[in-house]
Amino acid sequence: MDYSPAPESPDLAIEWLKEHKSSFGLFINGKWRKPKSAAVFKTVNPASGKKLATITEAGKAEVNAAVNAAKQAFPKWNALSGHERARYLYAIARQIQKHSRLFAVLESMDNGKTIRETRDIDVPLVIRHFYHHAGWAQTLESEFPEHTAIGPVGQIIPWNFPLMLLSWKIAPALAAGNTVVLKPAEFTPLTALLFAEICSLTGLPPGVLNVLTGPGNTGSMLVKHPDLKKIAFTGSTEVGRIIREQTADSDKKLTLELGGKSPFIVFEDADLDSAIEGLVDAIWFNQGQVCCAGSRLLVQESVAEKVTDRLKTRMAKLRVGDPLDKSMDMGAIIAPIQKKRIQKLVDQGKKEGAEIWQWQGTLPQNGCYFPPTLLTNVAPASTVAQTEIFGPVLSSMTFRTPDEAVMLANNSAYGLAASVWSENINQSLHLAPKLKVGVVWINCTNQFDASAGFGGYRESGYGREGGHEGMFEYLKLKKGAVDSAQRLKVKQATKTDKSGQYQIDRTAKLYIGGKQTRPDSGYSLPVVNADGSLAGEIGHGNRKDIRNAVEAANKASGWHSLTPHSRAQILYFIAENLETRSEEFENRIMRLTGLNKKQAAQEVQTSVSRIFTYAALADKHEGLVHQPPMRGLALALNEPIGVMGIICPDEAPLLGLLSLLLPALAMGNSVVLIPSRPFALVATDFYQVLETSDVPPGVVNIVSGNALELGTILAKHDDVAGLWVVGTMDECTNSKKFSTGNMKIVWTCDGKELDWFDSQQSEGREWMRRASQVKNVWIPYGE
Ligand code: NDP
């Protein structure tokens, strides 16, 4: 017995293409433009290789026109009430709903994915996304009272989920009051163009949405455009790195949703039949061209043979062929170049010792197809276990214990998602926080919803799309940092101490792993009081000191495992000990800065209060429980980033330092802190407070020296997961530019000035958010 063909008619899409004479311009300022001089390219159906339409390539003039339209439209759009914007988003959702069949068919034809997926997954998720974000627009003023829109934003998306990723980008941007210039992928521009047309039907004001088709170069022009205030990118880690570097010297906000190599972990006590069905959805969904595809099967040794046998039986029954046939499991690969890449990686896997098992059915004669493929006997360090294949290829490995499963799962540069299969919920929930990924699916896989943020750790990028956390990516504080030409000048030693020589060595040491240590270089730097006299000396830290400090910070990961209540108690203890020594700190601040007693006392008292705030927030920055449209929950957990580097400001020597250190500690991060060069003695005095406050060794490490030099070393260090820089524009730029190795999360002041005494911009939940990343753990329930 076999399936009969169950074709979905392409007529609706063909009709739509005919209406446009199969030729499309660019959507700029609410109008279609086809500049005569513009180059064109074609988009083809991967299932047949046949041309679908001619597409216009946006060049410099068009990029400028679109950005300008978005810039002009921004003030009015942002000034609309949340309700008014909500009505547009709602109207867009309704229009997509009305045209859902056309969208589903067109997406399937342009991308090669099955109609079953576009109809039942992509399009419904897109509609849900716009409805959900209509809700955020409606409630923006009450839900985000301290925030406002960023401005015109550039958005660049790949070809694997053209319409869905468009909705993930456009819906939150518009809801927050931003205007958009979107560039779809060259391979799959059609549903973005249909979407622009649909938006016109809703009366969306001109310039609010602009769609520019074109190659990577068009995207690159957007990235470099000075008038765009944010770039949101989904695509390869390789291009993500380029974009990080290209935006390093600007104050553009950036979110990067990059690649993955997600583990699919099967324990011996899992419901194996469900796990096998899960695997089909994990790796053969969208032909495996999914950033969060469960492409690494980690199966417990005791059931490995059984799982492999059952998997082969299930694979043999997969149906691969015409994407418009409703009974197909897998459609076509996006393009011959991608198919070649998949084949090359499979060949490489074979060379490195993997055994290959492939689906034996007949692939269609025409079009671009690749059979479902299973690689067994894969070594954890081999190419096919480490490199994102982005095709229907599963690499299988085994483990013995839960610890080994975690180790193997985390043995990847990426950190997008993981699936855990076990009937023992305790075990799965025990594993979830240990997995270095942005999403954990327990006994399920590839679940998405507009309410639950999606995004990665490590080289899978940063920022979240969807939900509450996703909205913050398109907002900024109303009262943010301001441009400043007035940063405190670094004071150089102009005079020596009147006594000329010290009786005893007064060089403040570095503070690493809970111990005062001499700098590796053996050199010290002078610190000068406001009156020009020598205040003392500080250690001149170097690369080796940073390495030691990062190692110590890594070993202090137990800080994160403490209960938030315990962390809060230690922070309160720091406040108590600082208060006891307030006079000493006041004197130090007065001498170093020249402030009077009242001003210095105010800084110390505000510092004590700030510590109290973070002790208070340590057990209150909790996550959310989402109820996505399934029988289950998604727990949004706020997790620490890990080891964080912090470059401290020159203003407000004590308060500035604590305003950065405290939220990081409250969230459970361990820190390598570079104090302000002219005021480093405040930091070195402060480690004496730390020593008496039960802060475990390695949780705070202080390395004094040149901020630019040490910041660059921290940026390049792959064991540093996050970096905050408050300093000059050069220091900020360097930290972004050199952080592309592990794509660490970087926040900088962009050379601007913060008012450390203003609690609205320098204290509170915004900083707790900056010090954390959200992990969504999906838990289905019921039989
Ligand atoms: P690319 O990174 O090549 O392209 C993504 C987008 O960026 C495309 O629109 C592309 O244009 C454009 N682009 C290419 N070069 C530049 C540049 N220098 N500057 C600006 N834009 C540029 O990825 P693919 O399209 O090949 O998509 C596959 C990758 O995307 C996979 O690695 C996958 O893991 C990742 N991905 C991640 C997701 C996530 O959510 N984390 C989701 C989906 C995919 P053009 O198409 O014209 O080349």
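Asp750 sits in the loop that runs between strand E32 (745-748) and helix H27 (759-762). Helices here are DSSP runs of H or I with at least four residues, strands are runs of E with at least two, and both are numbered from the N terminus. The phi angle of Asp750 is near 55 degrees, a positive value in a residue other than glycine. Asp750 counts as buried, at 18% relative accessibility. Buried means under 20% relative accessible area, exposed means over 50%, and partly exposed lies in between (1.4 Å probe, protein chains only).

This is a predicted model, in which local features need pLDDT of at least 70, side-chain atom pairs count only at pLDDT 80 or more, and totals for chains, interfaces and linings use all residues. Residues are numbered from 1 along each chain as its sequence is written, and side-chain values use heavy atoms, leaving out hydrogens and water.

Ala652 also has a positive phi, near 40 degrees, in a residue other than glycine. Its loop lies between strand E28 (643-647) and helix H23 (653-666). Ala652 counts as buried, with 14% relative accessibility.

Strand E32 comes up again at helix H26 (residues 729-737). In H26, Glu731, Cys732, Thr733, Asn734, Ser735 and Lys736 are buried. What covers them? The cover of the buried H26 residues includes helix H10 (237-246), H25, strand E31 (722-725) and E32. Contact means heavy atoms within 4.5 Å.

Helix H25 (residues 707-716) also holds Lys716. Lys716 is partly exposed, with a relative accessible area of 46%. On the surface, Lys716 gathers with Arg543, Lys544 and Arg547 in a patch of positive charge. Helix H18 (residues 543-555) gives this patch its largest share, 3 residues. Patches are made of residues with over 30% relative accessible area and no salt bridge; like charges are joined within 9 Å, and nonpolar side chains (Val, Leu, Ile, Met, Phe, Trp, Tyr) within 5 Å. Lys and Arg count as positive, Asp and Glu as negative, while His and the chain ends are not counted.

Glu423 counts as exposed, at 56% relative accessibility.

Now to the salt bridges. A salt bridge is a side-chain nitrogen of Lys or Arg within 4 Å of a carboxyl oxygen of Asp or Glu. How many does the whole structure hold? A search finds 23 salt bridges.

One of them joins Lys597 and Glu586, at 2.8 Å from N to O. Lys597 lies in helix H22 (residues 597-618) and Glu586 in helix H21 (residues 582-593), so the pair ties together parts that are 11 residues apart in sequence. Lys597 is partly exposed at 44% relative accessibility, whereas Glu586 is buried, with a relative accessible area of 9%.

Another salt bridge links Glu584 to Arg581, with the closest N and O atoms 3.1 Å apart. Glu584 is partly exposed, with a relative accessible area of 34%.

Arg770 and Glu766 meet in a salt bridge as well (3.5 Å, N to O). Both lie in helix H28 (residues 765-770), 4 residues apart, about one turn of the helix. An α-helix has 3.6 residues a turn, so residues three or four places apart point the same way. Arg770 and Glu766 are both buried. Arg769 joins this pair in a network of salt bridges with Glu766 and Arg770.

Notes:
Areas by Shrake-Rupley, 256 points an atom, 1.4 Å probe, with all protein chains shown as cover. Charge placed at Lys NZ, Arg CZ, Asp CG, Glu CD.
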